Amino acid sequence: MEIIERVGEVRHRLAEIRRASRPIVFVPTMGAFHEGHIELMRRAKAGQDAALSGTVSPYLVVSIFVNPTQFGPGEDYRSYPRDMQGDLEKAREAGADLIFTPSVEEMYPGRHLSAIALAEADSTTVEVGKLAEGMCGSHRPGHFRGMATVVCKLFNIIQPDAAYFGEKDYQQLKIIQRMVEDLQMPVKIVPISTVREPDGLAMSSRNAYLSAEERRAAAFLHKGLKATATLFEKGERNAAALIEEAKQVIAAEPLLRLQYIELRDADTLQPLQTVKGNAVLALAAQIGKARLIDNIILRVS
Ligand code: AMP
């Protein structure tokens with residue numbers, strides 16, 4: 001497994017891989033790996049989801065970059081968990097061929113960055129439009145612009161055939177799918193289901209912020225989402241009733257402070273009053289120092 005910090009070096013190495021006609025698969029991350037990240041890597045390395053042609057195994061690139069421009073003022077950019085040594089070991093085990101670990105200066109050369117610099121500075125950014133309205137977009141101004149811009153930059157550097165994203169960050173996944181479609185980027189986006197702890201808590205690097213008591217309480221987020229899924233399976237289609245079901249379960253746990261809970265069309269992310277097609281119930285909650293997100297897809301069979 002190679003570890004490369006410089007953009008020029010990565011481009012050079014990947015040009016060789018492309019000349020050998022080996023498909024390149026890509027997992028962008030902010031590090032502090034857990035089973036969710038590892039699942040993305042394993043699936044990428046296996047190649048089946050992207051239906052990559054040929055018999056050679058794909059060349060797996062994993063980027064580790066805590067992107068300052070997707071953090072707002074007062075958010076956890078500085079304290080975000082970092083574990084480079086542990087990450088390298090886990091990525092190697094999962095079959096990564098190349099780890100790209102650029103510095104902030106390498107990704108934003110010549111720019112003076114404050115946390116939300118991309119919104120203010122004289123720079124080119126990806127404007128993400130309506131998909132970034134509501135849900136996390138309402139609570140993290142500029143977050144999706146920073147995220148989409150860095151993913152666009154990473155795609156330009158790596159030029160992968162396929163890139164893997166978790167459904168846990170559902171709004172992010174939809175924004176990336178739309179960006180790739182609208183900007184006609186030649187990369188296949190492969191969504192991967194949320195990997196959970198045995199009690200249902202979605203795995204997240206930010207779970208490391210939780211005390212034992214908060215960790216126990218955090219499981220109620222998924223319990224709430226599941227309660228709504230059960231009601232949905234019984235035939236309820238009214239959005240307010242579906243949302244209320246999850247809210248009640250979550251409200252029973254005083255350590256959880258719900259930031260939002262919204263029911264949206266699973267594809268367009270339009271707000272819903274009545275569920276007719278597939279929908280996503282998504283939420284964010286503050287627990288102690290951690291802001292956690294989760295969602296569940298309600299599928300009409
Ligand atoms: P992050 O390092 O948190 O930016 O996440 C990197 C990628 O891993 C993103 O595509 C996330 O959606 C995905 N991811 C994070 N947590 C999970 C999880 N529990 N299950 C599946 N994918 C995840």
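Visitor: How far from an oxygen atom of the ligand is a backbone N or O atom of Gly166?
Guide: This is a predicted model, in which local features need pLDDT of at least 70, side-chain atom pairs count only at pLDDT 80 or more, and totals for chains, interfaces and linings use all residues. Residues are numbered from 1 along each chain as its sequence is written, and side-chain values use heavy atoms, without hydrogens and water. For Gly166, the distance is 3.0 Å.

Visitor: Which residue has a side-chain N or O atom 2.6 Å from an oxygen atom of the ligand?
Guide: Polar contacts here are pairs of N or O atoms within 3.5 Å. The side chain of His37 comes to 2.8 Å from a ligand oxygen. The value of 2.6 Å belongs to Asp169.

Visitor: How much of the ligand's accessible area does the protein cover?
Guide: Surrounding the ligand are 17 residues, each with a heavy atom within 4 Å. On its own, the ligand has 480 Å² of accessible area (Shrake-Rupley method, 1.4 Å probe).

Visitor: At roughly what angle do the axes of α9 and α10 cross?
Guide: Helices are DSSP runs (H or I, at least four residues), here residues 212-233 for α9 and 239-251 for α10. Their axes, lines fitted to C-alpha atoms over the stretch in contact, with angles from 0 to 180 degrees between N-to-C directions, come within 8 Å. They cross at roughly 145°.

Conventions: Helix = DSSP H or I, 4+ residues; strand = E, 2+ residues; numbered from the N terminus. Polar contact = N/O pair within 3.5 Å; in protein donor to acceptor, adjacent residues only side chain to side chain.
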